[in-house]
Amino acid sequence: MSVLRDDFLWGGAVAAHQIEGGWQEGGKGISIADVMTAGGNGIPRRITDGVLPGENYPNHEASDFYHHYKEDIALMAEMGFRSFRTSIAWTRIYPNGDDQEPNEAGLQFYDDLFDELHKYNIEPVITLQHFEMPYHLARKYNGFMDHRCIDFFVKYARTCFERYKGKVHYWMTFNEINNQGADPCAHHMIQEGAILTTDDNPDNERMMYQSSLYELVASAEAVRVGHEIDPSNQIGCMIAYEPLYAADCNPESYIEMTEANHKRYWYMDVQCRGFIPNYMYKYWDRMGFDLKLSDADIKALKEGTVDYIGFSYYMSQTVAKGENNPHFNFYERKNTVNNPFLKKSDWGWPIDPEGLRYALCVIDERYNKPMMIVENGLGAYDQKLADGSVDDTYRIDYLKAHIKAMKEAVAEDGVNLLGYQMWAPIDIVSASSGEFDKRYGFIYVNKNNKGEGDLSRSRKKSFYWYKKVIASNGEELD
Ligand code: BGP
């Protein structure tokens, strides 16, 4: 008998901007993902001033799911998927973000996509904002720095809840809303809050907290509206969960670890509990940040707590007390150190399957809510062999170890886990680097970093492995 529930939501996860392409089709507007250039392994992406000629914008075509979705969903159905997580591109629904009326062609695209999933009994799990706010909102309002963006987001969310009522039951508001918390760099601030800034702007941290507060209000309002429209809706938060370990057993390192966790996870505290924790107020006081939040905003936070906790899990980080850091104020880029117990991926991400069990335990202890692992996977350089096959045993090993740890958390610790969606079942554009050759998929897409290839799809070795895993409800991992 399986340790997982019978209706466990096995599947995979992607995001609209990383898979769809069709950036100008069906009346779609320009999103912030459309102005991000390709970077590379260790080379950051650039954000350009609009879409400029001669630049390489990998999200414009991506994996061309916009035209291939039927074929791709058939392949996922062949693996036995019970769920598929993707996002709605806000700019397909409201091309500028502040439009009066939604764009019918965009709404219809997702109707067709959800119908296609239901044809195979695959449950859609839908994120409303996955790193791609309308570029116009960034330009005109500086994104979530402006309170009006709350209303634009809630209007967009309402349109989606009304239109897809009965077709979508599992929702999430903002993808990895907390990434900016420990690292207020331009990349995170544009991805998560549509703030047009540069890395050297001394005001980044204050702006990040202000816009995060407004995003949290927008998220809470959307949860409330989503429940009003359909009380059976399950609406979650989506957190990038990276357990932060202390580098040694010096009690000071534990205080640093605690402070570091505050910065990454206060978002989850607000979304699950409905109020801002004292430690954040103290931090803002200490920093002299005068942040705006009205009584109505505070009330909204209280009334819009989430039903479940969606989180991504790729890695853990290890923190050490920095020099001249009397308040243990953690900054991800300054205070993380190497963990000698862990191997790393080709992109330097520490590989830590036990950390997934640890994450599940900690989240369960803190909030006692159902959880869903909505991303977990390995980005790697795959080699296509002469016969067209891809032997991605390393990916199988990574996923196997993580699924085993996940099962232990269910069997030994009794965590309430709804599902597991690996990232990403098909090769897509990397969010952090914009590469295509950073591959995660069970399904190979014939395209490379330069954009060459005919976009044809084929099955990797891991495809057959995952099919067996799902068929046995997680019992057959070898
Ligand atoms: C998460 C994002 C995804 C995805 C994934 C892998 O942070 O939610 O959008 O991209 O990480 O990261 P990358 O694509 O940079 O390898």
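User: By class, which residues does the shell around the ligand have?

Analyst: This is a predicted model, in which local features need pLDDT of at least 70 and side-chain atom pairs count only at pLDDT 80 or more, while totals for chains, interfaces and linings use all residues. Residues are numbered from 1 along each chain as its sequence is written, and side-chain values use heavy atoms, with hydrogens and water left out. As for classes, Ala, Val, Leu, Ile, Met, Phe, Trp, Tyr, Cys and Pro count as nonpolar, Asp, Glu, Lys and Arg as charged, and the others, Gly among them, as polar. Here the shell around the ligand has six nonpolar, five polar and three charged residues.

User: How many residues surround the ligand, and which are the closest?

Analyst: A residue counts as near a molecule if one of its heavy atoms lies within 4 Å of it. In this model 14 residues surround the ligand, and the closest are Gln18, Glu176, Ser432, Lys438 and Tyr440.

User: Which atom of the ligand does a polar side-chain atom of serine 432 lie 2.4 Å from?

Analyst: A polar contact is a pair of N or O atoms within 3.5 Å. A polar side-chain atom of serine 432 lies 2.4 Å from an oxygen atom of the ligand; for tyrosine 440, the distance from such a side-chain atom to a ligand oxygen is 2.5 Å, and for glutamine 18 it is 2.7 Å.

User: Is methionine 406 buried or exposed?

Analyst: Buried means under 20% relative accessible area and exposed over 50%, with a 1.4 Å probe and protein chains only. Methionine 406 counts as buried because its relative accessibility is 0%.

Definitions and conventions:
A polar contact is a pair of N or O atoms within 3.5 Å; within protein, one must be able to donate a hydrogen and the other to accept it, and residues adjacent in sequence count only if both atoms are side-chain atoms.
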